[in-house]
Amino acid sequence: MAPVAKQLGLNFISLRPDAQKGFDFTLVLNQYLKKNRTPEWVIWVHRRSHPDKMLNLLEAHKIRSINITNPIPPKDANVVGKPLQRYQYWQAQISSNEYDASYKIIDALHLAAQQSNYTKPYRIIGIAGSKYLQSAKNSNLGMLTAIEQRKNMHLLQLVYSDWSQDEAFNKMNILLRRHPNINLAWAGNINIALGIRQALQASQIKTQHWPMIGNLGWHPKVFSAIQQEHIAFSMGGNHMHGVWALLVIYDIVHNSSGANAVNKEADSIINIPYIKASKHNIQHIEPLFQSSYWHTANIKQYSKRHNPQLHKYDFNLEYLLATE
């Protein structure tokens, strides 16, 4: 986000909440506001706390904001509403659809199993992170729904790992003993995918007979495993939400100087598609994880100010990959 903000001429600082205090963004922002000049904008992440605490703080200080990464869960949305509805300074929400991403993982695993002439029914296991976070519920449901809709897929078992590689490693060891001849594996995040691979590496199973793994989340370690053909593919791109938020802010700030008007209704809730990383496109995705890339990336192609033909934001990462 820092080099992109520099490209856009925006002054940017980042605050990091304490993990030991539950990633309380409201606490860290409140502490900052007591000692520093009030910012014009805040980009924030909704985690486990009640979003009304953050929104009330921002409203009290008249700070416009965009929340990213995790959408406001339905039970909280009943309290706070939508952006620009009950809080005038809450400008937008930018998030991804975990249900759709998990559904697409199963779709891709199903297609790959067909192309590899696996014996039907395809035997699949799932290792999720938790049962409780709304984003986790969405991704778990997407996986389960996709399997249910495919008569030639059989879910052997779904287990939970609390997002831990060590726990995923232990659970996969148990699953390998319990269910012989697993064809496919769905992993709820990066650590889980790496834990599954670790268990397979420690097993007596030859690499060519490993179950095909698809996971949520991008990381260089996962890319390395994909290049080694230990993981089939990974759905990601949700780490880009901060960049998209900067672009929305940029367009709003420059609206008075000729930019397209930001459509407050259409642009207040923006859903970003996940992108599949496989051995065929990793070489184009890996640079995204280097800070130097973002100093010259063609980020303004997504801006309404610089592209008058745009009437609705289309933050599809594929455009950036295709042009850089």
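Over the ring of which residue does the charged end of K304 sit? The ring belongs to Y313, and the charged end of K304 lies 4.6 Å from its centre. Keep in mind as you look around that this is a predicted model.

## K304 and its partners

Let's stay with K304 for a moment. Besides sitting over the ring of Y313, K304 forms a salt bridge with D267, and the closest N and O atoms of the two are 2.7 Å apart.

## Aromatic rings

In total, the model has 9 aromatic pairs. One of the pairs is Y99 with Y103, whose ring centres are 6.4 Å apart and whose planes meet at 25°; planes under 30 degrees apart count as stacked, so this pair is stacked.

Y99 and Y103 both belong to helix 5 (residues 98–115), and they are 4 residues apart, about one turn of the helix. Here is a handy rule: an α-helix has 3.6 residues a turn, so residues three or four places apart point the same way. Y99 is partly exposed, with 31% relative accessibility, and Y103 is partly exposed at 22%.

Elsewhere, a lysine is again found over a ring: the charged end of K276 sits over F233, 5.2 Å from the ring centre.

Side chains of opposite charge can pair when their charged atoms come close. How many salt bridges does a search of the whole structure find? The search finds 6.

Another of them joins R150 and D107, with 2.7 Å between the closest N and O atoms. This pair also links distant parts of the chain, 43 residues apart: R150 is in the loop between helix 6 (134–148) and strand 5 (153–160), and D107 is in helix 5. R150 is buried, at 13% relative accessibility, whereas D107 is partly exposed, with a relative accessible area of 37%.

D76 and K75 also meet through their side chains in a salt bridge, at 3.6 Å from N to O. D76 is buried, with a relative accessible area of 9%, but K75 is exposed, at 59%.

## The buried side of helix 3

Now find helix 3 (residues 51–60), where P51, M54, L55, L57 and L58 are buried. These residues cover an arc of only 160° around the axis, so they lie on the same side of helix 3.

What covers them? The cover includes helix 2 (25–35), strand 1 (41–45), strand 2 (64–69), helix 4 (74–80) and strand 3 (90–96). After helix 3 comes K62, which has a positive phi, near 55°.

## A buried asparagine

Finally, visit N189, in the loop between strand 6 (184–187) and helix 8 (190–202). N189 counts as buried because its relative accessibility is 16%. A polar atom of the N189 side chain lies 3.2 Å from the backbone nitrogen of N191. Leaving aside neighbours within four places in sequence, N189 is in contact with W163, N215 and L216.

Notes
Residues numbered from 1 in each chain as written. Predicted model: local features only at pLDDT ≥ 70, side-chain atom pairs only at ≥ 80, totals over all residues. Heavy atoms only, no water. Phe/Tyr/Trp six-rings, centres within 6.5 Å; stacked < 30°, edge-to-face > 60°. Helix = DSSP H or I, 4+ residues; strand = E, 2+ residues; numbered from the N terminus. Buried < 20%, exposed > 50% of the residue type's maximum accessible area, 1.4 Å probe, protein only. Lys NZ or Arg CZ within 6 Å of the ring centre and 35° of its normal. Polar contact = N/O pair within 3.5 Å; in protein donor to acceptor, adjacent residues only side chain to side chain. Contact = heavy atoms within 4.5 Å. Arc of directions from axis to C-beta. Salt bridge = Lys/Arg side-chain N within 4 Å of Asp/Glu carboxyl O.
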